[in-house]
Amino acid sequence: MAALPYTMRTGLNARSLGTAGRRICCSKNDGIVVNPVTVAESEIDKKVERFRGWLRSMGHEECNLKLQKCPGNDPAQGYGMVAGPGGIHKGRVVVKVPRRAFLSEETARNCPLIGPLAKRAALSTWQIMCLHLLCERARGQQSPWFSYICLLPFEIELVGAHPLLWPQRMRREWLAGSPMLDIIERRLQNCREDHEALIAAGASELMPVGTGSGGFITEAAVRWAAVILLSRAFSLDLEEQVQGPVEFYGRSIALVPWADMLNHCSSAGKDSCLAYSRVSDVATLRAHKSYTEGEQVYDSYGSNLSASQLLLDYGFVDQENQNHAVDLPASVLAPLKSKSNAILLEAVGLSISRSIYTLTPLGVDESVLAWTRVAVASPRELVDAGWREDSRGASSAMVYFSKPVSRENESEVVRRLLWACEALLNKYPTTLEEDTAMLVASDNTCNQVVSLPWARKQALRALISEKLALRGAQRVLWQRLQKLRSGLSLDLLEIQ
């Protein structure tokens, strides 16, 4: 059980704290490869060379990586890294970016334009980072990060690549019935609120007249900034002494040029996540496998990311991903037994309106079972747990509910979880089998009849993953209910 997943109001979620986002780009096995041939006369190569030169001036080392444009017509196309001469061995450092190249809350607060305004208006960390990015883009060549920002995709390039920028009809049709749709709608609302907050703070007046940046704080621009941060920003332990509320659990979000050009591979795992050293003031990343010369090098955007998490934050789902899961609001397990149950859950920071739980093919973890036991507990069971509506006893009461407390309570817990699975599966307009058949037909290169847009295929992969999680959870929960009905001792009941 956890607090609500990432929203632009409350910051990065727990799953992103190790390695927040990266770029919207092609993912491994999507049929897009990095072209080893470059054209020196092209505008793309000029931008890349200017970017490399800027990084070198910052003390950056390329570590035998080459940055190149991914060819293709898909909206996912972007930049990628390939191994240089001699290849790259497993475990070798492939990224070494100095802190002075980062674009972070620290650089925002130190900016004479942004810092005072952010402090005066008490802007959130997310709002500060959105404003920082938009200001630097509006400053053009006057920005220290000009060479980096020139490589970032424009809004029009992202419309078909990231769900936050999908047209309303597209997202409502492609994600119908999925909890992902509710998350996107919340994020869009947060974008509108962030835009209003920035305008109210006077952010639109930051850029001097005549710079050509008039109207740079628009709602569309704020959505663009949100997508860039979602898909590219890292969560690092910079130990910045920042003002205002702690939104990122002691960590800081930062854009790390060069590091964010690596593409994701689910098999990379935690061994290939960016880490920052306060001793050297450098962010480093190691290769999770060996690469031959010219082969594309991948990193991990975070270990164990589910397909829906990848789609919502980064805009794609790689075919290697097998982390099937679906996040649901705790409200689907309502109603709570009484006000006393609600007070207990609120006392431990897991209120029904601000909590989520995750279903996987293995069912749910112990924390979800404990939460649901509290939700359905009788007055007698709450008393037995030592709960007297006194927040000082909340933690010990939750420990009590970490194990089955009665056959009636446990049966109700499982029934509610089963009902939630069934209700969600019934909300989808298509079945798992129909989605799978559609994706297989579209992936068949010989099939000229069924051709789906790239983004539609990413959505299908995420939907299939959710449904696999729900089907698997149903099986596990049903087995648990059967054990309860058979009279198996609660002490012998296996925790799923």
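Tutor: First, helices (H or I, at least four residues) and strands (E, at least two) are DSSP runs, numbered from the N terminus. His-60 lies in the loop between helix 1 (43-57) and strand 2 (65-69). This is a predicted model, in which local features need pLDDT of at least 70, side-chain atom pairs count only at pLDDT 80 or more, and totals for chains, interfaces and linings use all residues. Residues are numbered from 1 along each chain as its sequence is written, and side-chain values use heavy atoms, with hydrogens and water left out.

Student: Why does His-60 count as buried?
Tutor: Buried means under 20% relative accessible area, exposed over 50%, and partly exposed in between (1.4 Å probe, protein chains only). His-60 has 7% relative accessibility, so the residue counts as buried.

Student: Which residues is His-60 in contact with, leaving aside its neighbours within four places in sequence?
Tutor: Contact means heavy atoms within 4.5 Å. On that basis the residues are Leu-55, Lys-96, Val-97, Pro-98 and Trp-258. The C-alpha atoms of His-60 and Val-97 are separated by 5.4 Å, although the two residues are 37 apart along the chain.

Student: What makes Val-159 partly exposed?
Tutor: Its relative accessible area is 32%, so Val-159 falls in the partly exposed class. Val-159 is found in the loop between helix 6 (155-158) and helix 7 (168-174).

Student: How do you know that the length of helix 15 agrees with its number of residues?
Tutor: The expected span of a helix is 1.5 Å times one less than its number of residues. Helix 15 (residues 407-427) has 21 residues and should therefore span 30 Å; its end C-alpha atoms are 30 Å apart, which agrees.

Student: What covers the buried residues of helix 15?
Tutor: The cover includes helix 8 (179-200), strand 12 (326-329), strand 13 (355-359), helix 12 (366-376), helix 13 (379-384) and helix 17. Among the buried residues of helix 15 are Glu-410, Val-414 and Leu-418.

Student: What joins the side chains of Arg-480 and Glu-410?
Tutor: A polar contact of 2.8 Å joins them. The term is for a pair of N or O atoms within 3.5 Å; within protein, one must be able to donate a hydrogen and the other to accept it, and residues adjacent in sequence count only if both atoms are side-chain atoms. Arg-480 is found in helix 17 (residues 454-485). Its relative accessible area is 1%, so Arg-480 is buried.
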